[in-house]
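Here is a structure to get to know. Take a look at it before reading on.

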Amino acid sequence: MMEVRAKKALGQHFLTDLSIAQRIADALTVPEGTTLPALEVGPGMGVLTQYLLQRPEVDLKMVEIDTESVNYLLVHFPQVQGRLMEADFLKLKLEKFFSGQFAVIGNFPYNISSQIFFKILEYKEQVPQVVCMIQKEVAERIAEKPGTKTYGILSVLLQAWYDIEYLFTVGEGAFNPPPKVKSAVIRLVRNSRTCLGCDEALFKTVVKTGFNQRRKTLRNSLKPLIRAKADRCGWSEEELTSFVADPVFELRPERLSVEDFIELTLKLA
């Protein structure tokens with residue numbers, strides 16, 4: 001039987017546990033009487049794909065960067081013909097393939113999972129749901145609430161737009177080759193927020209700048225943004241001192257909820 005070699009450069013660890021694949025496929029929720037277009041990222045040898053293809057209410061497309069995997073899928077799952085794109089998901093213009101809404105599902109390569117989430121955020125108006133398996137540590141970070149050491153950039157940016165559910169943990173033995181870390185499956189469902197109520201680009205900058213020096217208080221980590229605001233407004237030293245006397249600047253970034261970051265962005269605008 002033709003097999004696909006796992007390539008380190010692509011971060012490939014093929015899921016071999018069929019019961020886990022079934023559970024991931026089942027975690028994609030489709031309202032009764034509707035059809036949900038969905039994109040599977042990195043189908044590999046089709047372990048998850050086969051269960052998604054069994055769901056008539058899921059209109060499945062796939063994107064795979066690895067030629068060997070593409071050839072394998074075409075041989076073993078002839079029904080993927082016309083649904084499978086050989087391409088790099090991170091470079092794909094998704095609006096060319098989906099005019100309306102679509103879900104994203106997959107066992108994401110761990111080395112690019114953060115980039116995949118940033119890409120999904122660009123399409124948040126079109127992506128109502130994401131079901132994915134990622135490294136357990138990253139899953140916990142994304143689902144984490146404020147006030148903990150694991151809460152970070154991705155937690156805030158994703159929780160601004162999605163409700164996040166940690167579904168279950170997957171051991172190393174479910175893969176070939178086994179990864180050195182545990183994995184986890186999470187589900188992201190788009191929340192009701194339609195706009196942040198602040199400048200979105202600045203919000204991202206505030207979150208990233210704050211967490212890039214997460215051990216410092218926001219007064220120190222956000223210095224360049226505070227200074228830029230002072231210059232724009234032509235503040236005196238007293239006005240600047242009074243501005244940074246706000247108690248929020250005493251805090252470290254992990255103490256702030258999405259709402260707190262929105263307020264902070266409005267202050268810095």
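The questions and answers below go through this predicted model.

Q: How many helices and how many strands are in the chain?
A: The model is predicted, and its elements are numbered along the chain from the N terminus. The chain holds 11 helices and 9 strands.

Q: What does the C-alpha trace of the chain span along its principal axes?
A: The chain has 269 residues. Along the principal axes, its C-alpha trace spans about 75 × 40 × 30 Å.

Q: What share of the residues in the chain is buried?
A: A residue counts as buried when its relative accessible area is under 20%. Among the 269 residues of the chain, the buried share is 49%.

Q: How much of the accessible surface belongs to carbon and sulfur atoms?
A: The accessible surface of the chain comes to about 13100 Å². The part that belongs to carbon and sulfur atoms is 51%.

Q: Of the contacts with a separation of 6 or more, what percentage comes from residues 24 or more positions apart?
A: Take the contacts in the chain with a separation of 6 or more. Residues 24 or more positions apart account for 69%.

Q: Is helix α7 roughly parallel or roughly perpendicular to helix α11?
A: Helix α7 covers residues 200-212 and helix α11 covers residues 258-268. They pack at an angle of about 110°, with their axes 9 Å apart. Angles of 65 to 115 degrees count as roughly perpendicular. Therefore α7 is to α11 roughly perpendicular.

Q: How do the residues of the contact of α7 with α11 divide into nonpolar, polar and charged?
A: Helix α7 brings L202, F203, V206, V207 and F211 to the contact. Helix α11 brings V258, F261, I262, L264, T265 and L268. The division is 10 nonpolar, 1 polar and no charged.

Q: How many salt bridges does a search of the whole structure find?
A: Side chains of opposite charge can pair when their charged atoms come close. A salt bridge needs a side-chain nitrogen of Lys or Arg within 4 Å of a carboxyl oxygen of Asp or Glu. A search of the whole structure finds 12.

Q: How far apart in sequence are the parts that K124 and E200 tie together?
A: K124 and E200 form a salt bridge, with the closest N and O atoms 2.9 Å apart. K124 sits in the loop between α4 and β6, and E200 in helix α7. The pair therefore ties together parts whose separation in sequence is 76 residues.

Q: Is K124 buried or exposed?
A: The cut-off for buried is under 20% relative accessible area. K124 has 10% relative accessibility, so K124 counts as buried.

Q: Where does the cis peptide bond from N176 to P177 place P177?
A: The bond from N176 to P177 is cis, with omega near -10°. P177 lies in the loop between β8 and β9.

Q: Which residues does L158 touch, not counting residues up to four places away in sequence?
A: L158 lies in helix α6. At 0% relative accessibility, L158 counts as buried. L158 touches F117, L121, I142, I164 and L188.

Q: Is P31 buried or exposed?
A: P31 lies in the loop between α1 and β2. Exposed means over 50% relative accessible area. P31 has 54% relative accessibility, so P31 counts as exposed.

Q: Which residues is S221 in contact with, leaving aside neighbours within four places in sequence?
A: S221 is found in helix α8. S221 is buried, with a relative accessible area of 2%. S221 is in contact with T209, G210, Q213 and K216.

Note on methods:
Residues numbered from 1 in each chain as written. Predicted model: local features only at pLDDT ≥ 70, side-chain atom pairs only at ≥ 80, totals over all residues. Heavy atoms only, no water. Axes fitted to C-alpha atoms, helices over the stretch in contact; angles between N-to-C directions. Helix = DSSP H or I, 4+ residues; strand = E, 2+ residues; numbered from the N terminus. Parallel < 35°, antiparallel > 145°, perpendicular 65-115°, else oblique. Contact = heavy atoms within 4.5 Å. Nonpolar A, V, L, I, M, F, W, Y, C, P; charged D, E, K, R; others polar. Buried < 20%, exposed > 50% of the residue type's maximum accessible area, 1.4 Å probe, protein only. Areas by Shrake-Rupley, 256 points an atom, 1.4 Å probe, with all protein chains shown as cover.
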